Amino acid sequence: MIPQSIKWRLQLWYGLILVAVLVGFGVTAYQLERGRQMRRLDDELHHRLGILGIAMHRPPPGMEAGAPLFDHPHRDEPPDQEPPFQDDRHSPDNRHSPAFHLPLETAHLFDATDPNGFFFRIESTFDHQVIAHSTNEPAFAAAVIKSGASRVETSLPPGPRPFKPQIVGQDYFTMDVRPSGEAILVGCSLAPELAELRKTALNLTAIGGLILLVGLAGGWWLVGRALRPISEISSTAAKISAGDLSQRINAAETESELGQLAAVLNSTFARLDTAFAQQKQFAADAAHELRTPVSVILAQTQTALARERDAAAYKQTVEACQRAAQRMRRLIESLLELARFDAGQEVLQRRTLNLAQTAADCLEMVQPLAAERRVKLLSDLQPVSVTGDPARLAQVVTNLLTNAIQFNRTDGEVHLRLATQAGLAVLEISDTGNGIAPADLPHLFERFYRADKSRTGAGNSGLGLAICQAIVQAHGGTIEASSVEKSGAKFIVRLPLAA
Amino acid sequence: MRILIVEDEPDLLASLAQALREEGYAVDTAANGDDGFFNAEGTDYDAIVLDVMLPGLDGWEILRRLRKTKSTPVLMLTARDQTRDRVKGLDSGADDYLVKPFDLQELFARLRAIIRRGVNKTTNVIEIGGLRVDTATRIVSLGNQPVELTAREYSLVEFLALHRGAVVTRTQLYEHLFDENESSLSNLLDVHVSNVRKKLGADLIVTRRGHGYCIE
């Protein structure tokens, strides 16, 4: 049931929280308004209670001024209209009741013509005789005042009595019992207040609903905006997984978290792309390198088989095929060696050895080649002990020495130096050949890269320096080449010293 | 037909030269770009087999320079097989393109094709009256009867037939029928011509005294 989309889930939670907050605010505001209204009514009721109480102790107006006991509050109203207050003391059964006179200035507080006006009823607590009542009093007033009077303490000092204002139907009333024995009930209709509260509730609901709508819309927009880069990232990633490695995420907002993610992903994609391209190039180069020996074998054998030959001719063909096969074997061995280094499967011996001894052995090994090319080998070897694989390190030195001899001029020199520098074993091999063109230097250690395009012959696979680099790096060292054109190249191998 | 092979792998060069010689071509060889360009520019070859990766001038450079002066048909040999390499080869003025490794039979067929195109022929068969020269099978027949010819005799007939109607000088014949290593004895050509006349009829090859030979 719960939607799986992040956008919808965020929106759902966001909406729920917004509704809870709005309902909380609305209910609180409603309660505050209601309390305020009721307190105002309480004050009004008590004010009127006080006035009626004072009126009870006025001397009967008839004894003072001969005026009628009860005066109509609105003198200019037509006489045939029924007076709003009935003074029941003129009736025979009210003779013993205390005198009551509602002052003119307060009579308007009990406007019986107003359907929502205040009403009152005054009864004697001794004989439950009605002393006075307003004509607009509700039917329940008579019953309530009788039961209420008995419950109200009379011994309390004057003032608001602990009679809790009550609501009956739509009417709100309170009462008081005077020490002199009169129970006074004052009330009013709640209708206007209730109507107003309803209006307040409606207003609050409307405002809350509006805020909710605006909030939801804003949230939807915000969530959509925040999540847009994700859909872009996923569509780009889909294209890349479909094989188009050149795709990149359009990361315009690099400041946001998703922008940073996009940047990280883009750099990952770029590296993947490069790695794929290199792998493809490597495979193409390897295939290319195998093509020449295979064409030699095909051409040689097809020529030989075209007609009957003598034994010498067949021997020549077989020898050429052998040379081609040897070349392929060397290439395949080099490729496998590199592949093992790439996969981290090449197991290196780790033992402490004197690199000077290794270098001296290598010098001895390449001596015949140097003699053949009339190149002089010069060395300055200081004892340096390193940790590593003796055979592999010897392979590096031999390879570099062979290169230095092969690319040297006749009667040239090869210098081999070994020393400790800045906590590293430094092996330097320099020659007096033509050097390396600046354009070739950065690519020297790339697989199948040949600075001299002509040296595609049998002995040169174009992988030698790449293998040297792989070996040195596996020993935690570095290899670099520098050159002064026309005056020779220099290779420097740096290896960490034995601990 | 005289062909130049420029290839730096010695074993490949040797076997190609031998195979093409056995096919009846006169073959010159060059093992690097500089020698290759020198030969290609100095001699009117019927076709050049040119490797791309060469010491010295590479194949592209030789082709670029050669096209300034000569339209000799060129077949490029390369180990690169990607489309852009093939496009580059053909756009640089190569007449055809062969990717290593290749079968010799395919090399022969492509060579025949570019040589044929070089003299504006579209088929391998040339017919002159009752004479029929099949350049693919290297068989010459007269009135549907195959005639036995030596390789050199066949080459002579083929060359004159391909240039039918034109007078071919003795120098041209020497250049196209013999490679650089053969001593061009002046009467060797006359011997071949007279042998062909014995086998195919005396009036096939017309001698233009002081000019050369011609098949009309």
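Below we talk through this predicted model, in short questions and answers.

Me: Start with chain A. How many helices and strands does chain A have?
Reply: Chain A has 10 helices and 13 strands.

Me: And what share of its residues is buried?
Reply: Chain A has 499 residues, and 39% of them are buried.

Me: What about contacts in chain A between residues 24 or more positions apart?
Reply: Take the contacts in chain A with a separation of 6 or more. Residues 24 or more positions apart account for 67% of those.

Me: How much area do they bury between them?
Reply: About 2,000 Å². Carbon and sulfur atoms carry 53% of that area.

Me: Which three residues of chain A supply more than any other three?
Reply: A:His288, A:Arg291 and A:Thr303. Together they supply 27% of the area that chain A buries against chain B.

Me: What about polar links across the interface?
Reply: There are nine residue pairs in polar contact between chain A and chain B.

Me: Salt bridges next. How many are there across the interface?
Reply: The rule finds four between chain A and chain B. Over all chains, the whole structure has 30.

Me: Show me one that crosses. Which residue does B:Glu9 meet?
Reply: B:Glu9 meets A:Arg327 in a salt bridge, 2.8 Å from N to O.

Me: Are those two buried or exposed?
Reply: B:Glu9 counts as buried, at 11% relative accessibility. A:Arg327 is buried too, with a relative accessible area of 11%.

Me: Why does the pair join two chains?
Reply: B:Glu9 lies in the loop between β1 (2-6) and α1 (10-22) of chain B, while A:Arg327 lies in helix α7 of chain A, so the pair joins two chains.

Me: Give me one inside chain A. What does A:Arg48 pair with?
Reply: A:Arg48 forms a salt bridge with A:Glu44. Their closest N and O atoms are 2.9 Å apart.

Me: Where do those two sit along the helix?
Reply: Both are in helix α1 of chain A, residues 6-56. They are four residues apart, so about one helical turn separates them.

Me: Is A:Arg48 buried or exposed? And what about A:Glu44?
Reply: A:Arg48 is buried, because its relative accessible area is 6%. A:Glu44 is partly exposed, at 25% relative accessibility.

Me: Switch to A:Arg417. What is its salt bridge partner?
Reply: The partner is A:Glu428, and the closest N and O atoms are 3.0 Å apart. This pair links distant parts of the chain. A:Arg417 is in strand β10 (residues 413-421) and A:Glu428 is in strand β11 (residues 424-431), 11 residues apart.

Me: Which residues do shared partners join into one network?
Reply: Salt bridges that share partners join A:Arg40, A:Glu44, A:Arg48 and A:Glu193.

Me: Over to chain B. Where is B:Arg80?
Reply: B:Arg80 lies in the loop between β4 and α4 (83-91) of chain B. B:Arg80 is partly exposed, with a relative accessible area of 27%.

Me: What does B:Arg80 touch?
Reply: Leave out residues up to four places away in sequence. In chain A, B:Arg80 touches A:Gln281, A:Asp285 and A:His288. In chain B, B:Arg80 touches B:Asp85, B:Tyr97 and B:Val99.

Me: Which way do the residues of β5 in chain B point?
Reply: B:Asp96 and B:Leu98 point one way, and B:Tyr97 and B:Val99 the other. All are buried. In a regular strand, side chains alternate between the two faces of the sheet.

Me: In what sense does β5(B) pair with β4?
Reply: The sense is parallel, over four bridges. In that pairing, B:Leu77 stands opposite B:Leu98.

Technical notes: Residues numbered from 1 in each chain as written. Chains lettered and ligands numbered in written order. Predicted model: local features only at pLDDT ≥ 70, side-chain atom pairs only at ≥ 80, totals over all residues. Heavy atoms only, no water. Buried area = accessible area lost by both parts, 1.4 Å probe. Salt bridge = Lys/Arg side-chain N within 4 Å of Asp/Glu carboxyl O. Polar contact = N/O pair within 3.5 Å; in protein donor to acceptor, adjacent residues only side chain to side chain. Buried < 20%, exposed > 50% of the residue type's maximum accessible area, 1.4 Å probe, protein only. Pairing = 2+ DSSP bridges. Contact = heavy atoms within 4.5 Å.
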